[in-house]
Amino acid sequence: MTEPFRHHRMLANEAETRELAMDLAMAAQPHDVVTLEGDLGAGKSTLARALIRAIAEDEKLEVPSPTFALIQPYDLKRLPVIHADLYRVTSPDEIAELGWDEAAEGALLIVEWPDRLGGALSGDRLEVALTLVPARGPNARSATLTGHGAWAGRLARLVALRSFLNNAGWGGSLRRHLQGDASSRSYERLLDGQRRAVLMNAPKKPDGPPVKNGLPYSRIAHLAEDMVPFVAMAEGLRDIGLSAPEIEAVDLDQGFLIIEDLGGEGVVSDGTPIAERYMAAVDVLALIHARPRAETLATPKGAYALPAYDKEALTIEVELLLDWYLPMKDARIPASEKYVFLQRWGDLLAEVEAAPRTWVLRDFHSPNLIWLAGREGVEKVGLIDFQDALMGPAAYDVASLLQDARITVPEELELQLLSRYATARKAADPAFDMAAFARLYAIMGAQRATKILGIFARLDKRDGKPQYLAHLPRIWAYLQRCLAHPALTQVKRWVDDRVPPP
(Lines give C-alpha, C1' and ligand atoms only; values in the text may rest on other atoms or scores of the structure.)
Protein backbone atom coordinates (compact mmCIF):
# COMPACT_ATOMS: atom_id res chain seq x y z
CA MET A 1 0.00 0.00 0.00
CA THR A 2 1.35 3.44 -0.96
CA GLU A 3 2.25 5.67 1.96
CA PRO A 4 0.49 9.07 1.96
CA PHE A 5 2.62 12.03 0.90
CA ARG A 6 2.22 15.28 2.84
CA HIS A 7 3.23 18.78 1.80
CA HIS A 8 2.86 22.11 3.64
CA ARG A 9 2.61 25.39 1.79
CA MET A 10 2.13 28.91 3.13
CA LEU A 11 -0.28 30.99 1.04
CA ALA A 12 0.56 34.56 1.93
CA ASN A 13 -2.03 36.14 -0.36
CA GLU A 14 -4.62 35.52 -3.05
CA ALA A 15 -1.94 35.28 -5.76
CA GLU A 16 -0.27 32.36 -3.99
CA THR A 17 -3.67 30.71 -3.54
CA ARG A 18 -4.21 30.98 -7.30
CA GLU A 19 -0.72 29.56 -7.88
CA LEU A 20 -1.56 26.49 -5.78
CA ALA A 21 -4.85 26.15 -7.68
CA MET A 22 -2.95 26.27 -10.97
CA ASP A 23 -0.57 23.55 -9.77
CA LEU A 24 -3.52 21.35 -8.81
CA ALA A 25 -5.33 22.09 -12.08
CA MET A 26 -2.36 20.93 -14.15
CA ALA A 27 -2.16 17.67 -12.16
CA ALA A 28 -5.91 16.96 -12.10
CA GLN A 29 -7.33 14.02 -14.05
CA PRO A 30 -10.76 12.44 -14.65
CA HIS A 31 -12.10 10.46 -11.67
CA ASP A 32 -9.95 12.48 -9.22
CA VAL A 33 -11.22 13.45 -5.79
CA VAL A 34 -9.96 16.61 -4.07
CA THR A 35 -11.30 17.35 -0.61
CA LEU A 36 -11.13 20.79 1.02
CA GLU A 37 -11.18 21.00 4.80
CA GLY A 38 -11.05 23.92 7.23
CA ASP A 39 -13.21 26.13 9.42
CA LEU A 40 -15.73 28.59 8.04
CA GLY A 41 -13.84 31.38 6.30
CA ALA A 42 -10.63 29.36 5.94
CA GLY A 43 -10.70 29.78 2.16
CA LYS A 44 -12.10 26.49 0.86
CA SER A 45 -14.45 28.16 -1.61
CA THR A 46 -11.74 30.58 -2.68
CA LEU A 47 -9.38 27.72 -3.54
CA ALA A 48 -12.17 25.73 -5.23
CA ARG A 49 -13.13 28.73 -7.35
CA ALA A 50 -9.49 29.33 -8.36
CA LEU A 51 -9.06 25.63 -9.21
CA ILE A 52 -12.17 25.52 -11.41
CA ARG A 53 -11.16 28.72 -13.22
CA ALA A 54 -7.65 27.35 -13.80
CA ILE A 55 -9.05 24.19 -15.39
CA ALA A 56 -11.45 26.30 -17.48
CA GLU A 57 -8.60 28.72 -18.35
CA ASP A 58 -11.06 31.52 -17.67
CA GLU A 59 -10.34 33.88 -14.76
CA LYS A 60 -13.80 35.44 -15.14
CA LEU A 61 -15.80 32.21 -15.09
CA GLU A 62 -18.81 32.50 -12.80
CA VAL A 63 -18.28 29.99 -9.98
CA PRO A 64 -21.17 30.26 -7.51
CA SER A 65 -21.01 28.62 -4.12
CA PRO A 66 -22.93 25.33 -4.13
CA THR A 67 -23.91 25.72 -0.46
CA PHE A 68 -27.63 25.62 -1.30
CA ALA A 69 -27.60 23.50 -4.46
CA LEU A 70 -25.03 21.16 -2.80
CA ILE A 71 -23.63 20.08 -6.19
CA GLN A 72 -22.57 22.37 -9.04
CA PRO A 73 -21.41 20.71 -12.31
CA TYR A 74 -19.08 22.30 -14.89
CA ASP A 75 -18.86 20.78 -18.36
CA LEU A 76 -15.39 22.12 -19.16
CA LYS A 77 -13.53 21.38 -22.37
CA ARG A 78 -10.50 19.72 -20.82
CA LEU A 79 -12.07 18.08 -17.80
CA PRO A 80 -15.62 18.01 -16.36
CA VAL A 81 -15.77 19.18 -12.75
CA ILE A 82 -18.25 18.59 -9.94
CA HIS A 83 -18.04 21.09 -7.07
CA ALA A 84 -19.82 19.92 -3.93
CA ASP A 85 -20.40 21.82 -0.69
CA LEU A 86 -21.77 19.42 1.93
CA TYR A 87 -22.03 21.88 4.82
CA ARG A 88 -25.83 21.44 5.02
CA VAL A 89 -25.74 17.64 4.66
CA THR A 90 -26.66 15.81 7.85
CA SER A 91 -26.50 12.21 6.58
CA PRO A 92 -24.50 10.44 3.85
CA ASP A 93 -27.82 9.09 2.58
CA GLU A 94 -28.71 12.56 1.30
CA ILE A 95 -25.83 12.37 -1.18
CA ALA A 96 -27.27 9.33 -2.95
CA GLU A 97 -30.51 11.22 -3.53
CA LEU A 98 -28.61 13.93 -5.40
CA GLY A 99 -27.34 11.50 -8.04
CA TRP A 100 -23.78 11.91 -6.78
CA ASP A 101 -22.37 8.80 -8.48
CA GLU A 102 -23.84 9.57 -11.90
CA ALA A 103 -22.77 13.23 -11.82
CA ALA A 104 -19.21 12.44 -10.79
CA GLU A 105 -18.56 9.78 -13.46
CA GLY A 106 -15.37 10.74 -15.30
CA ALA A 107 -15.18 14.13 -13.60
CA LEU A 108 -12.89 15.85 -11.11
CA LEU A 109 -14.78 15.88 -7.82
CA ILE A 110 -14.04 18.84 -5.51
CA VAL A 111 -15.64 18.35 -2.10
CA GLU A 112 -15.95 20.94 0.67
CA TRP A 113 -16.83 19.59 4.13
CA PRO A 114 -15.97 15.98 3.20
CA ASP A 115 -16.44 14.80 6.79
CA ARG A 116 -20.22 14.84 6.11
CA LEU A 117 -19.69 11.74 3.95
CA GLY A 118 -18.66 9.60 6.87
CA GLY A 119 -15.45 8.43 5.18
CA ALA A 120 -17.16 7.15 2.02
CA LEU A 121 -14.57 8.52 -0.42
CA SER A 122 -12.11 6.98 -2.85
CA GLY A 123 -8.75 5.84 -1.48
CA ASP A 124 -7.05 7.74 -4.33
CA ARG A 125 -7.62 11.31 -3.26
CA LEU A 126 -5.96 14.60 -2.40
CA GLU A 127 -6.83 16.21 0.92
CA VAL A 128 -6.27 19.95 1.32
CA ALA A 129 -6.60 21.34 4.86
CA LEU A 130 -6.66 25.15 5.12
CA THR A 131 -6.00 27.22 8.24
CA LEU A 132 -6.06 31.00 8.59
CA VAL A 133 -2.79 32.56 9.79
CA PRO A 134 -3.80 36.09 10.94
CA ALA A 135 -0.26 36.91 12.07
CA ARG A 136 0.92 36.70 8.44
CA GLY A 137 -1.79 38.96 7.03
CA PRO A 138 -5.57 39.10 6.47
CA ASN A 139 -5.51 36.67 3.51
CA ALA A 140 -2.70 34.40 4.71
CA ARG A 141 -3.45 30.71 4.98
CA SER A 142 -1.53 27.55 5.71
CA ALA A 143 -2.32 24.68 3.36
CA THR A 144 -1.53 21.07 4.25
CA LEU A 145 -1.85 18.76 1.27
CA THR A 146 -1.99 14.99 1.74
CA GLY A 147 -1.95 12.65 -1.24
CA HIS A 148 -3.44 9.19 -0.73
CA GLY A 149 -3.03 6.23 -3.08
CA ALA A 150 -2.24 7.30 -6.63
CA TRP A 151 -2.24 10.94 -5.50
CA ALA A 152 0.79 10.37 -3.25
CA GLY A 153 3.23 10.15 -6.15
CA ARG A 154 1.46 12.85 -8.13
CA LEU A 155 1.61 15.27 -5.22
CA ALA A 156 5.32 14.61 -4.73
CA ARG A 157 5.84 15.33 -8.45
CA LEU A 158 3.68 18.45 -8.26
CA VAL A 159 5.88 19.79 -5.46
CA ALA A 160 9.09 18.99 -7.36
CA LEU A 161 7.72 20.67 -10.49
CA ARG A 162 6.86 23.85 -8.59
CA SER A 163 10.44 24.01 -7.31
CA PHE A 164 11.77 23.45 -10.85
CA LEU A 165 9.63 26.27 -12.27
CA ASN A 166 10.69 28.67 -9.52
CA ASN A 167 14.39 27.87 -9.97
CA ALA A 168 14.13 28.20 -13.76
CA GLY A 169 12.68 31.71 -13.52
CA TRP A 170 9.14 30.72 -14.49
CA GLY A 171 7.62 30.70 -11.00
CA GLY A 172 5.12 33.45 -11.71
CA SER A 173 4.04 32.18 -15.11
CA LEU A 174 0.54 31.36 -16.22
CA ARG A 175 0.28 27.66 -17.02
CA ARG A 176 -1.98 26.38 -19.78
CA HIS A 177 -2.63 22.71 -20.50
CA LEU A 178 -1.63 21.50 -23.97
CA GLN A 179 -3.06 18.43 -25.63
CA GLY A 180 -0.48 15.67 -25.39
CA ASP A 181 0.06 12.47 -27.30
CA ALA A 182 -0.69 8.84 -26.52
CA SER A 183 2.16 8.60 -24.03
CA SER A 184 2.51 9.32 -20.30
CA ARG A 185 4.11 12.71 -21.05
CA SER A 186 2.15 15.91 -20.48
CA TYR A 187 2.71 19.39 -21.84
CA GLU A 188 1.93 22.93 -20.76
CA ARG A 189 2.38 26.36 -22.28
CA LEU A 190 4.05 28.83 -19.91
CA LEU A 191 3.10 32.50 -20.32
CA ASP A 192 4.84 35.37 -18.55
CA GLY A 193 4.30 38.75 -20.15
CA GLN A 194 5.90 38.53 -23.60
CA ARG A 195 7.78 35.34 -22.71
CA ARG A 196 6.44 31.98 -23.86
CA ALA A 197 7.79 28.48 -23.41
CA VAL A 198 6.60 24.88 -23.28
CA LEU A 199 6.96 22.68 -20.21
CA MET A 200 7.46 18.97 -20.81
CA ASN A 201 6.58 16.78 -17.85
CA ALA A 202 7.94 13.33 -18.61
CA PRO A 203 8.11 11.00 -15.61
CA LYS A 204 10.43 8.05 -16.00
CA LYS A 205 8.38 5.17 -17.34
CA PRO A 206 8.43 1.98 -15.28
CA ASP A 207 9.11 -1.19 -17.19
CA GLY A 208 6.01 -3.14 -18.14
CA PRO A 209 5.64 -6.90 -17.76
CA PRO A 210 8.12 -9.11 -19.61
CA VAL A 211 6.82 -10.15 -23.03
CA LYS A 212 9.79 -11.93 -24.59
CA ASN A 213 13.10 -13.28 -23.28
CA GLY A 214 12.36 -11.73 -19.90
CA LEU A 215 12.26 -8.21 -21.34
CA PRO A 216 9.36 -5.71 -21.46
CA TYR A 217 8.02 -4.41 -24.78
CA SER A 218 9.52 -0.94 -24.23
CA ARG A 219 13.03 -2.35 -23.85
CA ILE A 220 12.82 -4.55 -26.95
CA ALA A 221 11.30 -1.77 -29.07
CA HIS A 222 13.87 0.73 -27.73
CA LEU A 223 11.35 3.26 -26.43
CA ALA A 224 12.85 6.13 -24.44
CA GLU A 225 12.70 5.62 -20.68
CA ASP A 226 13.65 9.22 -19.87
CA MET A 227 14.33 12.55 -21.57
CA VAL A 228 18.05 12.06 -22.24
CA PRO A 229 17.36 10.96 -25.86
CA PHE A 230 15.16 14.02 -26.44
CA VAL A 231 17.89 16.39 -25.27
CA ALA A 232 20.49 14.56 -27.38
CA MET A 233 18.41 14.64 -30.57
CA ALA A 234 17.27 18.25 -30.06
CA GLU A 235 20.87 19.41 -30.06
CA GLY A 236 21.79 17.09 -32.94
CA LEU A 237 18.95 18.36 -35.12
CA ARG A 238 19.69 22.00 -34.35
CA ASP A 239 23.36 21.44 -35.18
CA ILE A 240 22.46 20.47 -38.76
CA GLY A 241 20.23 23.52 -39.22
CA LEU A 242 16.79 22.15 -38.36
CA SER A 243 14.14 23.71 -36.11
CA ALA A 244 14.12 21.53 -33.04
CA PRO A 245 13.23 23.58 -29.94
CA GLU A 246 15.96 25.20 -27.90
CA ILE A 247 16.17 23.81 -24.38
CA GLU A 248 16.02 26.52 -21.73
CA ALA A 249 16.02 24.48 -18.52
CA VAL A 250 16.19 20.78 -17.79
CA ASP A 251 16.09 18.36 -14.87
CA LEU A 252 16.84 15.01 -16.45
CA ASP A 253 16.52 13.12 -13.18
CA GLN A 254 12.93 14.31 -12.69
CA GLY A 255 12.04 14.50 -16.37
CA PHE A 256 11.21 18.23 -16.46
CA LEU A 257 12.13 20.36 -19.48
CA ILE A 258 11.38 23.94 -20.44
CA ILE A 259 11.77 24.31 -24.18
CA GLU A 260 11.23 26.88 -26.89
CA ASP A 261 7.57 27.37 -27.81
CA LEU A 262 7.39 26.82 -31.55
CA GLY A 263 3.70 27.72 -31.62
CA GLY A 264 0.67 25.75 -32.67
CA GLU A 265 0.37 26.13 -36.44
CA GLY A 266 0.46 22.72 -38.09
CA VAL A 267 0.92 21.28 -41.56
CA VAL A 268 -2.73 20.33 -42.18
CA SER A 269 -5.92 22.32 -42.67
CA ASP A 270 -9.38 20.91 -41.96
CA GLY A 271 -7.92 17.42 -41.81
CA THR A 272 -6.18 17.75 -45.18
CA PRO A 273 -2.42 17.97 -45.80
CA ILE A 274 -1.15 21.37 -46.95
CA ALA A 275 1.00 20.37 -49.91
CA GLU A 276 3.53 23.20 -49.54
CA ARG A 277 4.16 22.24 -45.92
CA TYR A 278 4.46 18.55 -46.66
CA MET A 279 6.98 19.41 -49.39
CA ALA A 280 9.06 21.29 -46.82
CA ALA A 281 8.76 18.37 -44.40
CA VAL A 282 9.99 15.89 -46.99
CA ASP A 283 12.90 18.28 -47.65
CA VAL A 284 13.78 17.98 -43.95
CA LEU A 285 14.02 14.21 -44.30
CA ALA A 286 16.08 14.48 -47.48
CA LEU A 287 18.50 16.76 -45.62
CA ILE A 288 18.81 14.35 -42.67
CA HIS A 289 19.36 11.41 -45.02
CA ALA A 290 21.77 13.19 -47.38
CA ARG A 291 24.87 12.20 -45.42
CA PRO A 292 25.87 9.78 -42.64
CA ARG A 293 24.69 10.81 -39.18
CA ALA A 294 26.43 10.35 -35.84
CA GLU A 295 25.33 7.34 -33.80
CA THR A 296 26.48 8.99 -30.56
CA LEU A 297 25.32 12.40 -29.38
CA ALA A 298 26.29 14.63 -26.44
CA THR A 299 24.02 15.30 -23.43
CA PRO A 300 24.47 16.87 -19.98
CA LYS A 301 24.73 13.30 -18.69
CA GLY A 302 27.47 12.34 -21.15
CA ALA A 303 27.43 10.60 -24.51
CA TYR A 304 24.18 9.01 -25.65
CA ALA A 305 24.28 6.19 -28.20
CA LEU A 306 21.20 5.93 -30.40
CA PRO A 307 19.85 2.35 -30.37
CA ALA A 308 19.72 0.38 -33.61
CA TYR A 309 16.33 -0.28 -35.20
CA ASP A 310 17.20 -3.97 -35.09
CA LYS A 311 15.28 -7.06 -36.12
CA GLU A 312 14.10 -7.68 -32.56
CA ALA A 313 12.50 -4.23 -32.36
CA LEU A 314 10.95 -4.48 -35.84
CA THR A 315 9.57 -7.94 -35.05
CA ILE A 316 8.04 -7.11 -31.66
CA GLU A 317 6.25 -4.22 -33.37
CA VAL A 318 4.60 -6.33 -36.08
CA GLU A 319 3.56 -8.83 -33.39
CA LEU A 320 1.25 -6.14 -31.99
CA LEU A 321 -1.14 -7.04 -34.79
CA LEU A 322 -1.37 -10.58 -33.40
CA ASP A 323 -1.49 -9.56 -29.75
CA TRP A 324 -4.04 -6.72 -29.92
CA TYR A 325 -5.70 -6.16 -33.30
CA LEU A 326 -6.69 -9.76 -34.06
CA PRO A 327 -8.17 -10.38 -30.58
CA MET A 328 -10.21 -7.19 -30.98
CA LYS A 329 -11.64 -8.71 -34.19
CA ASP A 330 -12.18 -12.11 -32.49
CA ALA A 331 -9.69 -13.57 -34.96
CA ARG A 332 -7.19 -15.38 -32.77
CA ILE A 333 -4.80 -17.66 -34.60
CA PRO A 334 -2.96 -20.86 -33.60
CA ALA A 335 0.73 -20.78 -32.73
CA SER A 336 1.59 -22.46 -36.02
CA GLU A 337 0.08 -19.56 -37.98
CA LYS A 338 1.91 -17.04 -35.82
CA TYR A 339 5.12 -18.84 -36.74
CA VAL A 340 4.29 -18.55 -40.45
CA PHE A 341 3.50 -14.83 -40.05
CA LEU A 342 6.84 -14.14 -38.35
CA GLN A 343 8.72 -16.30 -40.84
CA ARG A 344 7.31 -14.29 -43.77
CA TRP A 345 8.32 -11.07 -42.09
CA GLY A 346 11.71 -12.44 -41.07
CA ASP A 347 13.56 -12.16 -44.37
CA LEU A 348 12.09 -8.71 -45.04
CA LEU A 349 13.17 -7.41 -41.64
CA ALA A 350 16.65 -8.88 -42.08
CA GLU A 351 16.83 -6.89 -45.30
CA VAL A 352 15.75 -3.76 -43.43
CA GLU A 353 18.33 -4.34 -40.72
CA ALA A 354 21.07 -4.63 -43.34
CA ALA A 355 20.13 -1.36 -45.08
CA PRO A 356 22.25 1.80 -44.54
CA ARG A 357 21.40 3.48 -41.25
CA THR A 358 20.54 7.08 -40.51
CA TRP A 359 18.59 8.97 -37.86
CA VAL A 360 15.03 7.66 -37.64
CA LEU A 361 12.99 10.18 -35.63
CA ARG A 362 10.20 7.56 -35.54
CA ASP A 363 7.25 9.94 -34.99
CA PHE A 364 7.74 12.18 -38.02
CA HIS A 365 4.10 12.92 -38.88
CA SER A 366 1.59 15.75 -38.79
CA PRO A 367 0.90 15.97 -35.01
CA ASN A 368 4.61 16.57 -34.40
CA LEU A 369 5.33 19.10 -37.16
CA ILE A 370 4.94 22.83 -36.48
CA TRP A 371 4.81 25.37 -39.32
CA LEU A 372 7.12 28.33 -38.71
CA ALA A 373 6.12 30.81 -41.40
CA GLY A 374 8.72 33.37 -40.31
CA ARG A 375 11.67 31.08 -41.07
CA GLU A 376 13.21 29.98 -44.34
CA GLY A 377 13.62 26.65 -46.17
CA VAL A 378 13.76 23.51 -44.02
CA GLU A 379 13.75 25.72 -40.90
CA LYS A 380 10.05 26.37 -41.56
CA VAL A 381 9.30 22.89 -40.17
CA GLY A 382 9.45 22.72 -36.38
CA LEU A 383 10.16 19.27 -34.89
CA ILE A 384 8.83 18.40 -31.43
CA ASP A 385 8.72 14.63 -30.86
CA PHE A 386 11.86 12.57 -31.37
CA GLN A 387 12.81 11.02 -28.04
CA ASP A 388 12.32 7.50 -29.44
CA ALA A 389 14.84 8.12 -32.25
CA LEU A 390 16.93 5.22 -33.55
CA MET A 391 19.57 4.41 -36.13
CA GLY A 392 17.67 2.71 -38.94
CA PRO A 393 16.42 2.86 -42.54
CA ALA A 394 15.70 6.26 -44.10
CA ALA A 395 12.46 4.85 -45.55
CA TYR A 396 10.75 4.60 -42.15
CA ASP A 397 10.31 8.34 -41.52
CA VAL A 398 9.35 8.93 -45.16
CA ALA A 399 6.58 6.35 -44.78
CA SER A 400 5.59 7.89 -41.44
CA LEU A 401 5.07 11.28 -43.10
CA LEU A 402 3.53 10.14 -46.38
CA GLN A 403 1.24 7.54 -44.77
CA ASP A 404 0.16 9.63 -41.79
CA ALA A 405 -1.82 7.58 -39.29
CA ARG A 406 -4.15 10.45 -38.38
CA ILE A 407 -4.46 12.31 -41.69
CA THR A 408 -5.27 10.81 -45.09
CA VAL A 409 -2.51 11.63 -47.56
CA PRO A 410 -3.97 11.24 -51.08
CA GLU A 411 -2.03 8.78 -53.23
CA GLU A 412 -1.31 11.46 -55.83
CA LEU A 413 0.32 13.70 -53.20
CA GLU A 414 2.23 10.73 -51.80
CA LEU A 415 3.76 10.08 -55.24
CA GLN A 416 4.63 13.78 -55.69
CA LEU A 417 6.39 13.80 -52.32
CA LEU A 418 8.28 10.61 -53.10
CA SER A 419 9.44 12.13 -56.38
CA ARG A 420 10.58 15.30 -54.60
CA TYR A 421 12.43 13.25 -51.99
CA ALA A 422 14.16 11.11 -54.63
CA THR A 423 15.22 14.17 -56.60
CA ALA A 424 16.80 15.72 -53.50
CA ARG A 425 18.56 12.48 -52.58
CA LYS A 426 19.85 12.04 -56.13
CA ALA A 427 21.18 15.59 -56.15
CA ALA A 428 23.12 14.93 -52.95
CA ASP A 429 24.29 11.47 -54.03
CA PRO A 430 24.21 10.45 -57.72
CA ALA A 431 24.45 6.79 -56.61
CA PHE A 432 21.09 6.97 -54.83
CA ASP A 433 19.00 3.97 -55.97
CA MET A 434 15.31 4.91 -56.12
CA ALA A 435 14.12 1.39 -56.93
CA ALA A 436 15.88 0.00 -53.85
CA PHE A 437 14.47 2.84 -51.76
CA ALA A 438 10.93 2.22 -53.08
CA ARG A 439 11.22 -1.42 -52.01
CA LEU A 440 12.30 -0.43 -48.49
CA TYR A 441 9.57 2.22 -48.42
CA ALA A 442 6.91 -0.40 -49.11
CA ILE A 443 8.35 -2.77 -46.49
CA MET A 444 8.61 -0.08 -43.82
CA GLY A 445 5.18 1.32 -44.66
CA ALA A 446 3.67 -2.14 -44.25
CA GLN A 447 5.63 -2.79 -41.06
CA ARG A 448 4.49 0.53 -39.62
CA ALA A 449 0.84 0.06 -40.59
CA THR A 450 0.87 -3.45 -39.10
CA LYS A 451 2.31 -2.07 -35.88
CA ILE A 452 -0.15 0.84 -35.65
CA LEU A 453 -3.19 -1.40 -36.14
CA GLY A 454 -1.99 -3.17 -32.99
CA ILE A 455 -1.08 0.00 -31.10
CA PHE A 456 -4.43 1.69 -31.73
CA ALA A 457 -6.29 -1.47 -30.70
CA ARG A 458 -4.14 -1.55 -27.53
CA LEU A 459 -4.86 2.11 -26.79
CA ASP A 460 -8.55 1.25 -26.85
CA LYS A 461 -8.47 -2.01 -24.92
CA ARG A 462 -5.71 -1.40 -22.39
CA ASP A 463 -5.63 2.38 -22.02
CA GLY A 464 -9.30 3.29 -22.43
CA LYS A 465 -8.72 5.55 -25.47
CA PRO A 466 -11.29 4.43 -28.05
CA GLN A 467 -10.82 7.58 -30.15
CA TYR A 468 -7.88 5.94 -31.89
CA LEU A 469 -10.14 3.29 -33.43
CA ALA A 470 -11.48 5.90 -35.85
CA HIS A 471 -8.12 5.84 -37.64
CA LEU A 472 -8.05 2.09 -38.30
CA PRO A 473 -9.69 2.20 -41.78
CA ARG A 474 -7.03 4.69 -42.92
CA ILE A 475 -4.21 2.52 -41.55
CA TRP A 476 -5.74 -0.50 -43.25
CA ALA A 477 -5.82 1.36 -46.58
CA TYR A 478 -2.14 2.28 -46.24
CA LEU A 479 -1.33 -1.34 -45.42
CA GLN A 480 -3.10 -2.54 -48.57
CA ARG A 481 -1.25 0.07 -50.61
CA CYS A 482 2.12 -1.19 -49.34
CA LEU A 483 1.26 -4.88 -49.62
CA ALA A 484 0.72 -4.39 -53.36
CA HIS A 485 4.52 -4.18 -53.79
CA PRO A 486 6.03 -7.46 -55.08
CA ALA A 487 8.45 -7.57 -52.13
CA LEU A 488 5.47 -8.22 -49.81
CA THR A 489 3.63 -10.91 -51.79
CA GLN A 490 3.98 -13.59 -49.09
CA VAL A 491 2.93 -11.26 -46.28
CA LYS A 492 -0.03 -10.07 -48.38
CA ARG A 493 -1.30 -13.64 -48.81
CA TRP A 494 -1.16 -14.23 -45.06
CA VAL A 495 -2.96 -10.96 -44.29
CA ASP A 496 -5.61 -11.54 -46.98
CA ASP A 497 -6.39 -14.96 -45.58
CA ARG A 498 -6.35 -14.24 -41.83
CA VAL A 499 -6.71 -10.56 -40.96
CA PRO A 500 -10.20 -9.04 -41.14
CA PRO A 501 -10.44 -5.37 -42.13
CA PRO A 502 -11.56 -2.84 -39.51
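Start by selecting helix 2 (residues 44-56), which lies across strand 2 (33-37), strand 3, strand 4 (81-85), strand 5 (108-112), strand 6 and strand 7. Its direction is about 165° to strand 5, with axes fitted to C-alpha atoms, for helices over the stretch in contact (heavy atoms within 4.5 Å), and angles running from 0 to 180 degrees between N-to-C directions. Helices (H or I, at least four residues) and strands (E, at least two) are DSSP runs numbered from the N terminus.

You are looking at a predicted model, where local features need pLDDT of at least 70 and side-chain atom pairs pLDDT 80 or more, while totals for chains, interfaces and linings use all residues. Residues are numbered from 1 along each chain as its sequence is written, and side-chain values use heavy atoms, without hydrogens and water.

Next, show the sheet: seven strands, open, mixed, in the order 1-7-6-2-5-4-3; pairing takes at least two DSSP bridges. Strand 1 (5-11) and strand 3 (71-74) each have a single partner strand, so one side of each lacks a neighbour in the sheet. Neighbouring strands are turned by 15° on average, direction ignored.

Zoom in on strand 6 (residues 125-132) and strand 7 (residues 141-148), an antiparallel pair joined by eight bridges. Here Val128 faces Leu145.

Now select Leu237, Trp345 and Leu383, which touch the most other members of the largest nonpolar core, 106 residues in total. Such a core joins buried Ala, Val, Leu, Ile, Met, Phe, Trp, Tyr and Cys residues through side-chain atoms within 4.5 Å; buried means under 20% relative accessible area (1.4 Å probe, protein chains only). Helix 13 (residues 434-461) supplies its largest share, 14 residues. A separate core of 35 residues includes Ala21 and Leu158.

Key:
Buried < 20%, exposed > 50% of the residue type's maximum accessible area, 1.4 Å probe, protein only.
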